[in-house]
Amino acid sequence: MKILGIDPGSRMLGIALMDGKEIDLRVLKLDSSLGILDKLKKIYDEISLIINEEKPDALAIENAFLAKNPHVAFILGQVRSSVLMAALNLNTKIYEYDPTEVKKELTGYGRATKQQVKTMLEKILNIEIGDLPFDASDALAVAWCHSCMFNGRIKDV
């Protein structure tokens, strides 16, 4: 099963493609000088391109969470919408996971740090993520969580 994992962000968007043991990690860096509409279009175009080229069986994305700053939550909602519309327009199945659910499945603790998530992914998947931003490892964590769900390794949530 080929899974496209996404960690939404308005500055950097984490992208992970899992196809069995093959893993491709990327980060889409969004120029801070761009307005929000240009960023949303860039996200939509990039995700559409990846879906067209890679033909994933599923897109796994982090659910929206309650941010301390309502403006940040609003922007992240728009980013998620761009990703979701790209997937919907290309008939890609979408699965959403809460960040705490992903962290708990991976580390056993729903409030694990980004470094703990990255370290566990490196151990479980026997890979070296290196200096890639946490956005990439967070995207991989979401894809890995979906893989676990699909393979029935975790209970219904």
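Contact is taken to mean heavy atoms within 4.5 Å. Helices (H or I, at least four residues) and strands (E, at least two) are DSSP runs, numbered from the N terminus. The structure is a predicted model, in which local features need pLDDT of at least 70, side-chain atom pairs count only at pLDDT 80 or more, and totals for chains, interfaces and linings use all residues. Residues are numbered from 1 along each chain as its sequence is written, and side-chain values use heavy atoms, with hydrogens and water left out.

The strands form an open sheet of five members in the order S3-S2-S1-S4-S5, with mixed pairing; two strands pair if DSSP finds at least two bridges between them. S3 and strand S5 (93-97) are the edge strands, each of which pairs on one side only. From one strand to the next, the twist averages 20 degrees, where angles run from 0 to 180 degrees between N-to-C directions and axes are lines fitted to C-alpha atoms, for helices over the stretch in contact. Helix H2 (residues 70-89) packs on this sheet and touches strand S1 (2-7), S2, strand S4 (58-62) and S5, its direction making about 170 degrees with that of S4. H5 also packs on the sheet, touching S1, S2, S3, S4 and S5, and its direction makes about 40 degrees with that of S2.

Within the sheet, strand S2 (residues 12-19) and strand S3 (residues 22-29) run antiparallel and are joined by eight bridges. Leu-17 has Asp-24 of S3 as its bridge partner. The hairpin of S2 and S3 has two residues between the strands, and Gly-20 there takes a positive phi near 65 degrees.

Ala-16 lies in strand S2. With 0% relative accessibility, Ala-16 counts as buried, a term for residues under 20% relative accessible area, whereas exposed denotes over 50% and partly exposed the range in between (1.4 Å probe, protein chains only). Apart from neighbours within four places in sequence, Ala-16 is in contact with Ile-3, Leu-4, Gly-5, Asp-24, Leu-25, Ala-136, Ala-139 and Leu-140. The C-alpha atoms of Ala-16 and Ala-143 are separated by 7.0 Å, although the two residues are 127 apart along the chain. In helix H2, Arg-80 is likewise buried, with a relative accessible area of 10%. When neighbours within four places in sequence are set aside, the contacts of Arg-80 are Pro-8, Ile-61, Glu-62, Asn-63, Ala-64 and Glu-96.

Two further helices meet H5. The axes of helix H4 (residues 114-125) and helix H5 (residues 134-150) come within 9 Å and cross at roughly 55 degrees. H4 is therefore oblique to H5, since angles under 35 degrees count as roughly parallel, over 145 as roughly antiparallel, 65 to 115 as roughly perpendicular and the rest as oblique. In this contact, Lys-114, Gln-115, Val-117, Lys-118, Leu-121, Ile-124 and Leu-125 of H4 meet Phe-134, Ser-137, Asp-138, Leu-140, Ala-141 and Trp-144 of H5. These residues comprise eight nonpolar, two polar and three charged; Ala, Val, Leu, Ile, Met, Phe, Trp, Tyr, Cys and Pro count as nonpolar, Asp, Glu, Lys and Arg as charged, and the others, Gly among them, as polar.

The axes of helix H3 (residues 99-107) and H5 come within 9 Å and cross at roughly 75 degrees, which means that H3 is roughly perpendicular to H5. Glu-101, Val-102, Glu-105 and Leu-106 of H3 make the contact with Ala-141, Val-142, Trp-144, Cys-145, Cys-148 and Met-149 of H5. By class, the contact of H3 with H5 has eight nonpolar, no polar and two charged residues.
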